[in-house]
Amino acid sequence: MTDNESNIKLLIQEYLLDEGLLRKKIPIDDKKLEFGFQFIFPPSPIAQKMVVLKPKNKDLIIISNPIQIAPQQVDALNALENNKKLQFFMDLRKFFLIRDVFFRIDTQKFRYEISDQIFLKKDGTISKNSFFKSIRKVFTCAAYSNMILTEYCMGKIKPGDYSKSKDFTSDFSLYS
């Protein structure tokens, strides 16, 4: 690991520790990654598990939020008529394109991943502000995608199931 690669790793780790978000280092078995950290955002009971990754030989980091749709929501989507399940995934794609984020959608396994890339400065660093703007961008996309999902599932999920899931009751306030 070069000095710049070591510096960005320490800098990202410091940013996450400063805000109390760091959860663990991601073991790097993949020869394509320099480092990775799992963290939560926002620091609250509704926190999303997210990751930050640094690909080898690239001057960027990736902020990512993988999302698995809950079983009761999968059942609700499968119960929709007139290609509404397909419409849900199309609405997600359109939203992610408008928000200018990268995404992967697996309609068969009912999961998707939202990510953003941040290019490092010439000195191999990134500002804390840029780092957290990217995290907020990915988080906001995840929150909004959950709202879209909730709208599609309305009427297909029992009211009691909404209160059991933090996904349905979250207000997404950053520091609530």
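Trainee: Where is the place of P42?
Mentor: P42 sits in the loop between strands β2 (33–41) and β3 (48–55). Helices (H or I, at least four residues) and strands (E, at least two) are DSSP runs, numbered from the N terminus. This is a predicted model, in which local features need pLDDT of at least 70, side-chain atom pairs count only at pLDDT 80 or more, and totals for chains, interfaces and linings use all residues. Residues are numbered from 1 along each chain as its sequence is written, and side-chain values use heavy atoms, with hydrogens and water left out.

Trainee: Is the peptide bond that joins F41 and P42 cis or trans?
Mentor: The bond between F41 and P42 is cis, with omega at about -10 degrees. Most peptide bonds are trans.

Trainee: And what about N57: is its phi positive or negative?
Mentor: N57 has a positive phi, near 60 degrees, although this residue is not glycine. N57 belongs to the loop between β3 and β4.

Trainee: Changing topic, where is the place of E113?
Mentor: E113 is part of strand β6.

Trainee: Which residues does E113 touch?
Mentor: Leaving aside residues up to four places away in sequence, E113 touches S64, N65 and P66, and also F102, F103 and R104. Contact means heavy atoms within 4.5 Å.

Trainee: On to the helices. At what angle do α3 and α4 pack?
Mentor: Helix α3 (residues 84–98) packs with α4 at an angle of about 160 degrees, and their axes are 11 Å apart. Axes are lines fitted to C-alpha atoms, for helices over the stretch in contact, and angles run from 0 to 180 degrees between N-to-C directions. The two helices α3 and α4 are therefore roughly antiparallel to each other (under 35 degrees is roughly parallel, over 145 roughly antiparallel, 65 to 115 roughly perpendicular, the rest oblique).

Trainee: Which residues in α3 and α4 meet?
Mentor: From α3, K84, Q87, F88, D91, L92, F95 and F96 take part, and they meet C141, Y144, S145, I148, L149 and Y152 of α4. The residues of this contact divide into nine nonpolar, two polar and two charged. Ala, Val, Leu, Ile, Met, Phe, Trp, Tyr, Cys and Pro count as nonpolar, Asp, Glu, Lys and Arg as charged, and the others, Gly among them, as polar.

Trainee: How do the axes of α2 and α4 cross, at what angle?
Mentor: The axes of helix α2 (residues 71–78) and helix α4 (residues 128–153) cross at roughly 55 degrees and come within 9 Å. That angle makes α2 oblique to α4.

Trainee: Which residues make that contact?
Mentor: Helix α2 contributes Q73, A76 and L77, while α4 contributes N146, L149, Y152 and C153.

Trainee: How many of those are nonpolar, polar or charged?
Mentor: In the contact of α2 with α4, five residues are nonpolar, two are polar and none is charged.
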